[in-house]
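Let's walk through this one together, strand by strand and then over to a pair of helices. Have the model open as you read.

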Amino acid sequence: MASNYTDRQFQGTYLFDGQMAKKGYGLNKMCYSFNDQAARDEFNADPEAYCEKFKLTQAQKEAIRSRDVIGLLREGGSIYYLAKFTGLLKLNMQDIGGLQTGMTTDEFKAMLERNGRGEV
Amino acid sequence: MANIIGAITTSHIPAIANAMANGLEQTPYWKPFFDGYPPVRDWLNEKKPDVIILFYNDHGLEFFIDKKPTFAMGVADEYYNSDEGWGIPTIPPVTGESDLSWHIANSLVDEGFDMTICQEMKVDHGLTVPLNLMWPGHQYGHVKVIPVCINCEQYPMPQPWRTFELGKAIGRAVASYEKDLNVVVFGTGGMSHQLDGERAGFINRAFDLDCLDKLVSDPEALTKYTNIDLVEQGGAQAVELNMLIAMRGTLLGKVTELHRNYHAPISNTGSGLMLLEHEMPK
């Protein structure tokens, strides 16, 4: 068995290992805070200040600003915590899927249907 | 003695909770998924289990990555859901089974499974969605639930062979409990899906169906996979198959499949519902 769990890479896949967990700690901690309505309100009132409070890096702040989900993954975001950020933006998993794959939400849903039928 | 009388695999995705809250079960999108459940509900209503041991993963409600247990279990008399960040309505508490939980915890740690033991544990959609699917309208308060939480979010994660062994150890713990209780085991989550990255939307129907077959008749084959194999075959979040594999570990002898409904996609996932019985110890 490989000593490094993420030695094997898959295209378009960002495995959340120790390195990523360290890199993305502040970002994920901020997203985890969004479980509370008060935190969501505080973020919405002043996103920049809220990012600063969790000491996000410049790259992470920029990805938050531009809703760049792939950028957030690259900067150490875990999808489970990022889902709380995108939930705050009222985006569902198909919206996020579209954003990551360069499709519209409807195109992404159509792909899911094809994959679900086993056509791919 | 306590007896495991059967086991169930089911999806646990949040979108199911929304569909049920909005009465969408018979809409064209959801009907093929929800139509699988009545036979399983009928079986549960007939068998009336006292306890459900429920394998799930916490998606960032109780546990953050400041401290991330590999295996955690609840030993409380009651568990609560809470806001997970997107406003799932607050639901009634889940009843626990403290005495059997502690018995299992003692037995597991003595056998070398160093569980994180929780007297307070907020339970997320991974646990509450399956309960509401089995007892719609949140009518699950009469059944006692033992939550067993497996890390599926951050590497390193327990490998399939290990979660299978955990299931076996839980099976032994239940069989050594003196009180007469009927127990059903739920393995929740999966199956193939990938939420993140440019590969998002990946579903592997053939792999899912093969996994369901092997869960019945050849679970050892599934323990040969590493988590990275599961990612390759089923997408990044297919590691949730570990909960189904752990469930299978609790079963003994010949396993009989009473019901199956596979449907894909629901939200981004392949959904595998199965009802299993096994050869109960005498």
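**A covered strand and its sheet**

Start with strand 1 of chain B, residues 3-10, which is mostly covered: six of its eight residues are buried, meaning that 20 or more other C-beta atoms, placed from the backbone, lie within 10 Å of the residue's own. Before going on, keep in mind that this is a predicted model, where local features need pLDDT of at least 70, side-chain atom pairs count only at pLDDT 80 or more, and totals for chains, interfaces and linings use all residues. Residues are numbered from 1 along each chain as its sequence is written, while chains are lettered from A and ligands numbered from 1 in the order in which they are written.

Strands here are DSSP runs of E with at least two residues, helices are runs of H or I with at least four, and both are numbered from the N terminus. Two strands pair if DSSP finds at least two bridges between them.

What flanks strand 1 of chain B? Seven bridges tie it to strand 8 (residues 182-188) of chain B, running parallel, and B:Ile8 sits opposite B:Phe186 there.

Zoom out, and eight strands of chain B make an open, mixed sheet in the order 6-3-7-2-8-1-10-9. Its edges are strand 6 (116-118) and strand 9 (256-266) of chain B, each pairing on one side only.

Over in chain A, helix 8 (residues 93-101) and helix 9 (residues 105-116) pack at about 100°, axes 8 Å apart; axes are lines fitted to C-alpha atoms over the stretch in contact, and angles run from 0 to 180 degrees between N-to-C directions. That makes helix 8 of chain A roughly perpendicular to helix 9 of chain A, a label for angles of 65 to 115 degrees.

Methods: Parallel < 35°, antiparallel > 145°, perpendicular 65-115°, else oblique. Buried ≥ 20, exposed ≤ 12 C-beta atoms within 10 Å, placed from the backbone.
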